[in-house]
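The report that follows should be read alongside the sequence and the model.

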Amino acid sequence: MPQFDSLSDPRCFQQLFESSPDPTWIIDGNRFVECNEAAVKTLGFTSRAEFLNVHPSQLSPAVQADGEDSYAKAERMMALAKAQGLHRFEWIHTRADGTNFVAEVTLSAIQLNSRPVIYCVWRDITERKRMQEQLLRQNDMLRAIIENFPGAVSVVDADLRMVTYNQQFQQLLDIPEALLQNPHLSFEDFIRYNAQRGDYGPGDPERQIAAIVARAREFRPHKFERVRPNGVVLEIRGMPLPEGGFVSTYIDITERKRADLQQRIAATAFESQEGMFVTDAQRNILSVNRAFSAITGYSAEEAVGQNPRMFKSGKQDAAFYAAMADSLQRSGRWQGEIWNRRKSGELYPEWLMITSVKDASGEVTNYVAALTDITLRKQAEDEIKNLAFHDALTQLPNRRLLNDRLRQAMAASKRSAYFGALMFLDLDNFKPLNDVHGHEVGDLLLVEVAQRLQACVREMDTVARFGGDEFVVMLGHLDPDVAEATAQAHAVAQNIRTALSQPYALALQNEGKADTVVEHHCTVSIGVALFSNQEVRADDLLKWADVAMYKAKEAGRNTVCFWTTTL
């Protein structure tokens, strides 16, 4: 337990205590006996006397977020701090005005003037919790958008590696499962497969591959159509991402193209599933189909006799409509993206195709318009660019993908009664390597650590990087017996510890010179938390493994510590 008896000047501790920017308290027994000015201001009190010599639960609601009584939980948290020396947890505090907020509380058992007390520090994490919840909602929404996008989607990173794709990508482009199972699948691999099966037409496949990859390295926004050997017509759009790489969408427009051909031949486009309306030469609406009504909100009775000007959103200027009219006059057709207004007043993006119908003398008698609501596609194109699921340096799954897999593993474990394990790993003394040799050497170490970790686990397990020198390993399908599952997880953890402790030869490449090899020895501290059919959140499981890892650090590093309730 830390001692403060030996301070040469007792005012030194008081000065440190008062100058702390975080709200800080001294708990003697189970009462607040001292606090700093930051605590007074944060809670909104006018003086310390208002809340000193009170139990911590008196500055809190009666019940905490987990349903536990505040007094009982406060007693339990203080007991844990006294037993362990240090304990960190989340707590709901109440300000002087009655409002509540979430704080991260750290309790440290110390000796102050030969008397055991608890040194309490907390930080308001309300905004952090809100942002975490918002990020989870956004991630769920983005995944739903991708999977419900009416076409294929793929994302390629700045190093031209395939980052993610949806199920339609495999189905629409007829990509074999064996190719997609390659964890290091590159854009060039994907292009090579397409070229070798003739997707890009006649010509030398190697030249086709080189040309496409070269364009990808200097990526520009684009939209074009491609007819696959099986006759499927794809509308392909590409958009660069802010940090490099690009997102591509593939829409099967085979039916649209066929309908377009039929329109030019006989103006019978009402067989299409797209919204349709027909006007006379003066652009007065003569008829509409059901899809039109579903998209615009106007029934046939409301639309017939009206001019399409009723759909104008105000987003396009006069020059836009002048160009549309000019195209219709010159070529007899126009297609493009336009914003229109529904009956409800809502504005929405639409893909509109207009074809003129002429009589035998060449005079326009009608116009046929086909419209598609592309709201979801536009949302996906705007949102998907921010979606990536792997760490750029190590190519391991990142926090987002790990969370998704962890939730699935926990659900599977609950159904099957098999145990799983989550390991939180932190490299010991990683910072000195960066400080001495630079971040490039540090990155080489992280890449090598990632490779060694993957070699220590099964293909069904997950190795993820959380950032910095923190890694997470998730093991699934362990024995249903807790003792045997613990032994299995411990064996894997020891294998990892042994593998990571082997010497590293980190070769730093020097342009025009011999490589610089840095020899390094590294150890790792590992915290392990088992899970099975217990009711627990993924975030709590990660927190348990993290706490166990810090316990391993405290035990001298280079060791393995399992989470237990005593932690």
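Across the interface of domain 2 and domain 3 the rule finds 2 salt bridges, a salt bridge being a side-chain nitrogen of Lys or Arg within 4 Å of a carboxyl oxygen of Asp or Glu. This is a predicted model, in which local features need pLDDT of at least 70 and side-chain atom pairs count only at pLDDT 80 or more, whereas totals for chains, interfaces and linings use all residues. Residues are numbered from 1 along each chain as its sequence is written, and side-chain values use heavy atoms, with hydrogens and water left out.

The domain assignment of the protein chain, with bounds that come from an automatic or database assignment, is tabulated here.

| Domain | Residues |
|---|---|
| domain 1 | 10–127 |
| domain 2 | 149–257 |
| domain 3 | 277–377 |
| domain 4 | 390–562 |

The centres of domain 2 and domain 3, taken over C-alpha atoms, are separated by 32 Å, and the contact (heavy atoms within 4.5 Å) takes 6 residues from domain 2 and 5 residues from domain 3. About 560 Å² is buried between domain 2 and domain 3, with carbon and sulfur atoms giving 56% of that area; buried area is the accessible area (1.4 Å probe) that two parts lose on being put together, summed over both. Of the area that domain 2 buries against domain 3, Phe-149, Arg-237 and Arg-256 supply 67%, more than any other three residues.

Arg-237 also forms a salt bridge with Glu-337, where the closest N and O atoms are 4.0 Å apart. The whole structure holds 39 salt bridges, and in one of them the side chains of Glu-37 and Arg-48 meet at 3.5 Å, N to O.
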